[in-house]
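Subject: Structure handover and findings

Hi,

Here is the structure I promised to pass on. Please open it first, then read the notes below.

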Amino acid sequence: MPMTTQKPQWIASEGGPLVMMPRSKASSWNGVEGDHYDDACQIDDFAGVLKRSWGDILVLGDEPAQTTLIVRQDGLALLRWLHAPSEQDLLELALRWAPEDPPSPVERLSIRLLDEPYILFDSVQHGQSIEPMDLQPPPSARTLTTFVVKDEDKQVGFILHRFDHTLSKGHLTLVPRE
């Protein structure tokens, strides 16, 4: 699979989590006007899910970092910018970093995705008035594997959420941090 070569679209929040859900279901999201924003804020891991009868809503918890979608050699991933001198430095490391390199995954999350277009947006927004980033998760992706990568020499840090095709046991597997 080719790696991203075009300039990515970044999305940021007003301070709360970002959520990813099917475009077809987005109008049902009530954001801060209802209880959906509060539900999303209950996720205090790097990522979590809100269960719905039709599938899962992915919530990017922990901290409200700018996020983009990248295509790496090992597949599609959400990249969250923690720190870097420039976008170019961040993207270069995120695209060439290999999961065999330290660190190990910090989370593996089972997720039920529909085979249709998704959007990523600020959870505070109402589904009728969102400013989303469009994405299409890979067909049959069932696990989101999360890595926190820091290269102090290059002064780059990021969170990488990789869509995988394997199903982990249980809903969430936390991998101890070293």
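The side chains of arginine 162 and aspartate 164 form a salt bridge, with 2.7 Å from N to O. By salt bridge I mean a side-chain nitrogen of Lys or Arg within 4 Å of a carboxyl oxygen of Asp or Glu. Arginine 162 is buried at 12% relative accessible area. Aspartate 164 is buried too, with 12%. Buried stands for under 20% relative accessible area, exposed for over 50%, and partly exposed for what lies in between (1.4 Å probe, protein chains only). The pair belongs to a network of salt bridges that links Arg72, Asp74, Arg162 and Asp164.

A word on the basis. This is a predicted model, in which local features need pLDDT of at least 70 and side-chain atom pairs count only at pLDDT 80 or more, while totals for chains, interfaces and linings use all residues. Residues are numbered from 1 along each chain as its sequence is written, and side-chain values use heavy atoms, with hydrogens and water left out.

**Other salt bridges**

The search of the whole structure finds seven salt bridges. One of them joins the side chains of lysine 7 and glutamate 87, at 2.6 Å from N to O. This pair links distant parts of the chain, 80 residues apart. Lysine 7 sits in the segment before β1 (18-22), and glutamate 87 in helix α2 (residues 87-96). Helices (H or I, at least four residues) and strands (E, at least two) are DSSP runs, numbered from the N terminus. Lysine 7 is exposed, because its relative accessibility is 65%.

Aspartate 56 and lysine 51 make another salt bridge through their side chains, 3.3 Å from N to O. Is aspartate 56 buried or exposed? Aspartate 56 counts as buried, at 0% relative accessibility. Lysine 51 is partly exposed, at 47%. In general, side chains of opposite charge can pair when their charged atoms come close.

**The chain overall**

The chain has two helices and eleven strands. From the N terminus, the order of elements is β-α-β-β-β-β-α-β-β-β-β-β-β. There are 178 residues, and 52% of them count as buried. Among contacts (heavy atoms within 4.5 Å) with a separation of 6 or more, 69% are between residues 24 or more positions apart. The accessible surface is about 8900 Å², and carbon and sulfur atoms hold 48% of that. Areas come from the Shrake-Rupley method with a 1.4 Å probe; for residues, only the protein chains shown count as cover.

**The five-stranded sheet**

Which strands make up the open sheet of five? The order is β2-β3-β1-β7-β8, with antiparallel pairing. Strands β2 (47-52) and β8 (133-135) are the edges, each pairing on one side only. Neighbouring strands are turned by 25 degrees against each other on average, direction ignored. For that angle, axes are lines fitted to C-alpha atoms, for helices over the stretch in contact, and angles run from 0 to 180 degrees between N-to-C directions. Two strands pair if DSSP finds at least two bridges between them.

Now the individual pairings. β2 and β3 (residues 55-60) run antiparallel and are joined by six bridges. There, arginine 52 has glycine 55 in β3 as its bridge partner. β1 and β7 are antiparallel, with five bridges. Methionine 21 is partnered by isoleucine 119 in β7. β7 and β8 pair antiparallel over three bridges. Isoleucine 119 stands opposite aspartate 134 in β8.

Strand β7 (residues 118-122) is largely enclosed by the rest of the structure, because five of its five residues are buried.

Leucine 58 lies in strand β3. Leucine 58 is buried, at 1% relative accessibility. Its C-alpha is 5.6 Å from that of valine 19, 39 residues away along the chain. Beyond four places in sequence, leucine 58 touches Leu18, Val19, Met20, Ala47, Gly48, Leu78, Leu109, Ile111 and Leu144.

Isoleucine 159 belongs to strand β10 (residues 156-164). Isoleucine 159 is buried, with 1% relative accessible area. Isoleucine 159 and valine 106 are 53 residues apart in sequence, and their C-alpha atoms are 9.9 Å apart. Leaving aside neighbours within four places, the contacts of isoleucine 159 include Phe46, Asp62, Leu78, Arg80 and Phe147.

Best wishes
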